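Reader: I have a structure to go through with you. Can we start with the helices and then move on to the charged side chains?
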Amino acid sequence: MGERFLKLMMDILSQPAVLIALISFIGLVLQKKAASDIVKGTTKSFLGFIVIAAGAGILVGSLEPFGKMFEVAFNVSGVVPNNEAIVAMALTKYGTATALIMFFGMFANILIARFTPFKYIFLTGHHTLYMACMIAVILVVAGFSGTSLIILGSIVLGFTMAIFPAMAQPFMRKITGNDQIGFGHFSTIGYALSGLVGKVVGKGSKSTEDIKFPKGLGFLRDSSVTIALTMSILYVIVALFAGSSYVESELSGGTHYLVFSLLQAVTFAAGVFIILAGVRLVLAEIVPAFRGISNKLVPNSRPALDCPIVFPYAPNAVLIGFFCSFLGGIVGMLVLGAVGAVIILPGVVPHFFTGATAGVFGNATGGVRGATIGSFVNGLLITFIPVFLMPVLGDLGFANTTFSDSDFGATGILLGNLVNWFGTTGVWVVVIAGTILALLPGFFKKNKNTGMSA
């Protein structure tokens with residue numbers, strides 16, 4: 001019974017659509033909205049994230065054959081970072097610990113948002129699951145078990161869910177033009193780095209969205225057309241290098257390899273189009289609904305949402321970011337090969353989502369140059385950081401995949417090395433000290449207000 005309940009809770013909390021619908025429902029109820037408004041807001045929030053998930057599924061499905069063609073075309077092999085793959089392997093052994101850390105970690109996130117300056121409620125359920133899983137693996141490998149494992153893991157998870165959105169918020173204000181939504185996707189270090197690079201290199205560079213096309217190429221102003229045509233060229237080139245026999249025997253089911261490549265490229269563009277439509281639908285509902293939670297439960301808090309939330313603000317930067325991040329991954333792979341380290345192959349899916357987002361962040365601070373160089377740096381980062389993460393993952397470190405995004409790597413490396421440096425007791429001391437430091441600003445503010453009112 002207990003295991004079935006844990007599975008139910010994990011299935012609910014790891015689904016962004018369900019989580020967003022629940023948050024919308026609670027927020028609208030707290031605002032005492034009419035029943036019709038509650039039903040409408042909850043349903044449209046649910047629908048919006050289902051649309052985003054459907055678009056992401058289409059996009060990932062079209063990228064998988066591209067990744068396989070790339071490996072065959074250029075005869076490369078190594079570790080392919082993929083969050084879904086590594087978590088699927090880990091859950092067979094660490095499933096219960098993951099579920100409990102995730103469940104209590106979400107409560108820890110709410111408490112941290114309530115009592116510290118980190119006013120963000122992390123609503124990207126699947127990334128919460130992935131981070132909970134990685135924390136569980138590292139702590140179990142370090143010797144934690146039972147109640148101490150769950151409590152420590154939940155506190156660490158709660159802080160990651162609050163601190164990383166806070167790190168992204170200065171850039172989110174620049175991207176969105178307001179302070180209403182936060183950013184909840186665990187590759188924030190790469191995005192913030194891209195934004196900082198944009199500040200350094202982008203002086204005088206125009207926005208990716210202000211790129212002027214000649215009159216005869218006016219159709220390229222439509223981002224869907226641009227993405228479809230650009231991806232078609234890329235897919236066809238890689239398919240030509242992979243060869244017709246491989247593509248038609250292994251991937252296309254007999255369909256001509258060039259026709260198959262074109263279909264996958266335009267399917268990719270369709271996936272991006274659907275994601276953008278879903279994001280607009282969610283933004284129209286979740287921000288007003290969240291005001292109920294912000295006003296009643298966690299004052300001044302913001303919903304931290306998944307990375308596609310920024311795509312509509314700079315669609316051209318999305319495409320530029322993907323290409324430049326992927327190029328950074330290729331360069332990083334060559335460097336690792338040259339120094340004799342573990343080869344990290346550029347996973348197409350992580351490079352799309354993190355690279356596209358890094359492009360938007362870089363564009364916000366440095367225009368075209370910021371988007372180009374910032375996302376390239378992101379590509380290097382998510383290639384090198386898994387090399388240092390793998391040793392702290394125990395047996396999972398020897399798998400042919402690992403966690404792909406920068407925040408997983410940074411959190412895992414820090415947590416694993418804290419255990420190595422200070423032992424299990426030392427980790428408790430560090431976490432407790434960090435919690436006290438996070439609570440102090442709120443304590444002093446409360447005392448100051450009390451003193452003023454007296």
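Reader: What is the handedness of the crossing of H2 and H10?
Author: That crossing is left-handed. Bear in mind that this is a predicted model.

Reader: And at what angle do H2 and H10 pack?
Author: About 60°, with the axes 7 Å apart. Angles from 65 to 115 degrees would count as roughly perpendicular and those under 35 as roughly parallel, so H2 and H10 are oblique to each other.

Reader: Which residues make the nonpolar surface patch?
Author: Leu22, Phe25, Ile26, Val29 and Leu297 make a patch of about 400 Å². Of these, Leu22 lies in H2, which covers residues 16–30.

Reader: How is Leu22 classed by relative accessibility?
Author: Leu22 is partly exposed, because its relative accessibility is 38% and that class runs between 20% and 50%.

Reader: Switching to charges. How many salt bridges are there in the whole structure?
Author: The search finds two. Asp179 pairs with Arg173, the closest N and O atoms being 3.2 Å apart. Asp179 also pairs with Arg302, where the closest N and O atoms are 2.8 Å apart.

Reader: Where do Asp179 and Arg302 sit in the chain?
Author: Asp179 is in the loop between H6 and S2, while Arg302 is in strand S3. They are 123 residues apart, and the pair links distant parts of the chain.

Reader: Which residues does the network join?
Author: Arg173, Asp179 and Arg302, through salt bridges that share partners.

Reader: Is Arg302 buried or exposed?
Author: Buried, at a relative accessible area of 16%. Arg173, at 37%, is partly exposed, and Asp179 is partly exposed at 29%.

Methods
Residues are numbered from 1 along each chain as its sequence is written. This is a predicted model: local features need pLDDT of at least 70, side-chain atom pairs count only at pLDDT 80 or more; totals for chains, interfaces and linings use all residues. Side-chain values use heavy atoms; hydrogens and water are left out. Patches are made of residues with over 30% relative accessible area and no salt bridge: like charges are joined within 9 Å, nonpolar side chains (Val, Leu, Ile, Met, Phe, Trp, Tyr) within 5 Å. Accessible areas come from the Shrake-Rupley method with a 1.4 Å probe; for residues, only the protein chains shown count as cover. A salt bridge is a side-chain nitrogen of Lys or Arg within 4 Å of a carboxyl oxygen of Asp or Glu. Helices (H or I, at least four residues) and strands (E, at least two) are DSSP runs, numbered from the N terminus. Buried means under 20% relative accessible area, exposed over 50%, partly exposed in between (1.4 Å probe, protein chains only). Axes are lines fitted to C-alpha atoms, for helices over the stretch in contact, and angles run from 0 to 180 degrees between N-to-C directions. Angles under 35 degrees count as roughly parallel, over 145 as roughly antiparallel, 65 to 115 as roughly perpendicular and the rest as oblique. A crossing is left-handed if the near helix is turned anticlockwise from the far one by less than a right angle, and right-handed if clockwise.
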